[in-house]
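Visitor: Hi, could you walk me through this one?

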Amino acid sequence: MPAQHGLTAHSHGGPATVPDASRAERRTSFAAADFPVPGGREEEWRFTPLPHFAGLLEGGRTGAQLAADIRLPEGIVSRTITLDEARSAGILPPGDRAAAVAVNNAEGVTEIEIPAETELGDPVRVNLTGTGPDLTYGHLLIRAGRHSRATVIVEHVGDAAFSEVVSTLVGDGAQLTVVSLQDWDDTAVHMGQHDAVIGRDATFKYVCVTLGGVAVRLNANVRYGGPGATAEILGVYFADAGQHLEHRSFVDHNVPRCTSNIAYKGALQGETAHTVWVGDVLIRAAAEGTDTYELNRNLVLTDGARADSVPNLEIETGQIEGAGHASATGRFDDEQLFYLQARGSPADIARRLVVRGFFADIIAQIGVDEIEQRLMAAIEEELELSMGSFSGDLDDAAESD
């Protein structure tokens, strides 16, 4: 159930009802024609401000492309392949019309291959820059070879109406981290399907950081290619007035003895700031020994902001290690603020410390110092905007004391 505005929390250790049909029955296809243009009443589109995404959903083309700066450590290669070649490699098919339109309108597939047994000390960097509001599309394929170790950072900046698919194939025993950073201008629009197929005994970490853009909708999907695999799906987002930031995740436990951990945290401030998180976990009948948990936390900093949070858990076998989910949306913890102020912290510093602590556990898991420091600096900048609103609330609270 959605958690909106005030403090609402729910935690479950057993099966939960998935709206309508099973998540396993959701259509997937590489053909855009197989997906009708959404009208907004569909379960998967009911939170989405469709007018922002109309051009990307209809499939309009302008010929524009984002400027791409790909920085590769020694020994790593990048090339352009066809969609048919990417399909033959085993990528997941599009799960909605936006992704199907993107793969069919992208100018080929940019493939980055990390050879087997390779261990990278420096991350692979893909910097994508938009230069205007034209419709643009992209498809990135990341292939991590058997027993490789690597981090890939994909950064989005500038202004664009951009729809993309990022397909990741993680070889057996590999350890791969993919960081997707959305630091768009305030006018940008972004849709994305970010997929991973994880091999036997492999570890995949996906970190999604969304700060910019007027409207962003990202889907993170995981499927397992062999037993013993682990997936961590982590997200951080901060919405200002007028922003819509929507994150969805789907972990398909389709083989035995795999693990998943999903954790998204967001903050909101300003009139009409809106965030959406929808988390789906499916444990199929064959996926005995599964261990999974999903978590969403939202911190509402000012009046007029809204957070929707919908965790879903579907279990087809009782032979699992564990499964659960939790969701909460609320304002500052008054006891934390009182504790900090009672020990000499000014009101604005106390609030900053609470917000930093709220995000710290996820940010610390990114594993790239530069990105972690940059993200904390960006959060500090966001907090500067809200200090005026906070001060009025604190003055009222002080008078009541």
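**A tour by residue**

Guide: Let's start at T230, which is partly exposed because its relative accessible area is 26%. Here buried means under 20% relative accessible area, exposed means over 50%, and partly exposed is in between, using a 1.4 Å probe and protein chains only. This is a predicted model, so local features need pLDDT of at least 70 and side-chain atom pairs count only at pLDDT 80 or more, while totals for chains, interfaces and linings use all residues. Residues are numbered from 1 along each chain as its sequence is written, and side-chain values use heavy atoms, with hydrogens and water left out.

Visitor: Where does T230 lie?

Guide: T230 belongs to strand 11, residues 230-239. Helices (H or I, at least four residues) and strands (E, at least two) are DSSP runs, numbered from the N terminus.

Visitor: And what is T230 in contact with?

Guide: Setting aside neighbours within four places in sequence, T230 contacts I198, A202, T203, F204, Y224 and T259. A contact is a pair of heavy atoms within 4.5 Å. T259 is 29 residues away along the chain, yet its C-alpha atom and that of T230 are 4.7 Å apart.

Visitor: Let's zoom out. How many helices and strands does the protein have?

Guide: There are six helices and 17 strands. Of the 401 residues, 57% are buried. Taking contacts between residues at least 6 apart in sequence, 88% join residues at least 24 apart.

Visitor: What about helix 3, is it covered or exposed?

Guide: Helix 3 (residues 97-105) is mostly covered, with eight of its nine residues buried. Those are R97, A98, A99, A100, V101, A102, V103 and N105.

Visitor: What do the buried residues of helix 3 pack against?

Guide: They pack against helix 1 (50-58), helix 2 (83-89), strand 5, strand 6 and strand 8 (189-198).

Visitor: New topic, charges. How many salt bridges does the count come to?

Guide: The count is 17, where a salt bridge is a side-chain nitrogen of Lys or Arg within 4 Å of a carboxyl oxygen of Asp or Glu. One of them joins the side chains of D96 and R217, at 3.7 Å from N to O. That pair links distant parts of the chain: D96 is in the loop between helix 2 and helix 3, R217 is in strand 10 (residues 215-224), and they are 121 residues apart. Both D96 and R217 are buried.

Visitor: Got another pair or two?

Guide: E246 and R248 form a salt bridge at 2.7 Å, N to O, and both E246 and R248 are buried. R306 and D308 also meet in a salt bridge, at 2.9 Å from N to O. R306 counts as partly exposed because its relative accessibility is 32%, whereas D308 is buried, with a relative accessible area of 0%. Salt bridges that share partners join D96, R217, E246 and R248 into one network.

Visitor: Which residue is buried yet has no salt bridge?

Guide: D159 in strand 6 is such a case, since it is buried without a salt bridge, and R374, the nearest side chain of opposite charge, is 16 Å away. For charge, Lys and Arg count as positive and Asp and Glu as negative, while His and the chain ends are not counted. Beyond residues up to four places away in sequence, D159 touches G130, T131, G132, P133, W184, D185, T187 and A188.

Visitor: Which residue other than glycine has a positive phi?

Guide: One of them is H147, with phi near 60°. Most residues other than glycine have a negative phi. H147 sits in the loop between strand 5 (124-144) and strand 6 (149-170), and it is partly exposed because its relative accessible area is 31%. R257 also has a positive phi, of about 55°. R257 lies in the loop between strand 12 (244-253) and strand 13 (259-268), and it counts as exposed because its relative accessibility is 52%.
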